[in-house]
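Colleague: I would like to learn how to read this model feature by feature. Could you take me through the general ideas and then show me each case?

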Amino acid sequence: MLEEEGRAVTVAKAFFAATTKLSSNSEDILPQEDAPDRSLSVFRAFSELFPEFANDKDRPDSAAKNGLMRLQFNKIGYEIYDKEQSRRVPAVRAKPGNPGYGFRRARWRDTTTPGEDRDTCERVLKALGVNCERLECIKRRVNDFKNEWDLVRRPSRPAGPGRPRGHKRGVMGALVLPETPVAPPEGGGASPLLAGVVEALVISGEPSPMGSAASSKKQKKCSPPRQQGGGGA
């Protein structure tokens, strides 16, 4: 059981590294929860693309007790990004317009356009043991989440009578991880913690966590991960 949880945590950290990045725009934020009419949270993307490692009560193909619950997954995200309360993200069990919580200055990577974002995504997920067919599926779906979230995300100060939409504010302070202040990287790239995840996955001599934890249920959109020799980590 602990071994399964350990693999799920490794995959979740790699997912954050491969698909999200720290933005220089203080308006950027990714939601920890889904809205009543849209499911665009980071956890929903993770549970859809890696159902064998997610315990999502809203998805019949999730891994149930062996996967990460939303709360556990979000805690991993808050080791990488600050937690921010904002009306730009949906709030659970609250009136419309009330502030929710999200990952401060986090942004989806552009996983379909040639460049650093796509290269990082491919490098991290290949090191995780994801095969090419599934990798292409993941990149497309992450891009879908990115595009839709950019369309529906509310501004922090919406325009209204007597208050036109203001200009974007400047960059906020440094990203702070638990007990360790870290200056934000130049160019809006991944935080040092995400870079560490990438490096650890690439140079690790341990078997891929994807090797022995392939889903036993048929996935509708993506093929199962490549089986690795020697079982799990």
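Modeller: Gladly, and let us start with contact, which means heavy atoms within 4.5 Å. Leaving aside neighbours within four places in sequence, Ile29 is in contact with Glu84, Ser86, Arg88, Val89, Gly102, Phe103, Arg104, Arg105, Ala106, Trp149 and Arg153. Before we go on, this is a predicted model, where local features need pLDDT of at least 70 and side-chain atom pairs count only at pLDDT 80 or more, while totals for chains, interfaces and linings use all residues. Residues are numbered from 1 along each chain as its sequence is written, and side-chain values use heavy atoms, with hydrogens and water left out.

Colleague: Where does Ile29 lie, and is Ile29 buried or exposed?

Modeller: Elements come from DSSP: helices are H or I runs of at least four residues, strands are E runs of at least two, and both are numbered from the N terminus. Ile29 lies in strand E2. As for burial, buried means under 20% relative accessible area, exposed over 50%, and partly exposed in between, with a 1.4 Å probe and protein chains only. Ile29 counts as buried because its relative accessible area is 1%. Its C-alpha is 7.7 Å from that of Arg88, 59 residues apart along the chain.

Colleague: What is the pattern of elements along the sequence?

Modeller: It reads α-β-β-α-α-β-β-β-α-α-β-β-α, with 6 helices and 7 strands. Of the 233 residues, 47% count as buried. Among contacts between residues at least 6 apart in sequence, 71% join residues at least 24 apart.

Colleague: How should I read phi, and which value does Arg105 have?

Modeller: Most residues other than glycine have a negative phi, and most peptide bonds are trans. Arg105 has a positive phi, near 60 degrees. This residue is in the loop between strand E4 (100-104) and E5, and counts as buried because its relative accessibility is 3%. A glycine case follows H4, where Gly129 takes a positive phi of about 100 degrees.

Colleague: What is the C-alpha distance between Arg105 and Glu27?

Modeller: They are 6.8 Å apart in space, C-alpha to C-alpha, and 78 residues apart in sequence. Glu27 sits in the loop between E1 and E2, and is buried, with a relative accessible area of 10%.

Colleague: How do I check the length of a helix?

Modeller: The expected span is 1.5 Å times one less than the number of residues. H4 has 13 residues and should span 18 Å; its end C-alpha atoms are 18 Å apart, which agrees. Helix H5 (residues 132-152), with 21 residues, reaches 31 Å from its first C-alpha to its last, close to the expected 30 Å.

Colleague: And which residues of these helices are buried?

Modeller: An α-helix has 3.6 residues a turn, so residues three or four places apart point the same way. In H4, the buried residues include Asp117, Cys121, Val124 and Leu128. In H5, Arg134, Ile138, Arg141, Phe145 and Trp149 are among them.

Colleague: What about the nonpolar core?

Modeller: A nonpolar core is a set of buried Ala, Val, Leu, Ile, Met, Phe, Trp, Tyr and Cys residues joined through side-chain atoms within 4.5 Å. The largest has 39 residues, and those with the most contacts inside it are Phe15, Phe46, Phe50, Trp108 and Leu125. Helix H1 (2-19), strand E2 (29-31) and helix H2 (42-49) are among the elements that give two or more residues to this core, and H1 gives the most, with 7. Beyond four places in sequence, Phe15 touches Thr20, Val42, Ala45, Phe46, Leu49, Phe50, Phe73 and Trp108.

Colleague: How many disulfides are there?

Modeller: A disulfide is a covalent bond between the sulfur atoms of two cysteines. With a cut-off of 2.5 Å between cysteine sulfur atoms, a search of the whole structure finds 0. Cys121 is buried at 0% relative accessible area, whereas Cys132 counts as exposed at 56%.

Colleague: Finally, where is pLDDT below 50?

Modeller: pLDDT is the predictor's confidence in each residue, from 0 to 100. Where pLDDT is low, the predicted coordinates should not be read in detail. The mean for the protein is 77, and 60% of its residues reach 70 or more. Residues 166-183 are below 50, a stretch with 32 contacts in the model beyond near neighbours in sequence. pLDDT also stays under 50 over residues 212-220.
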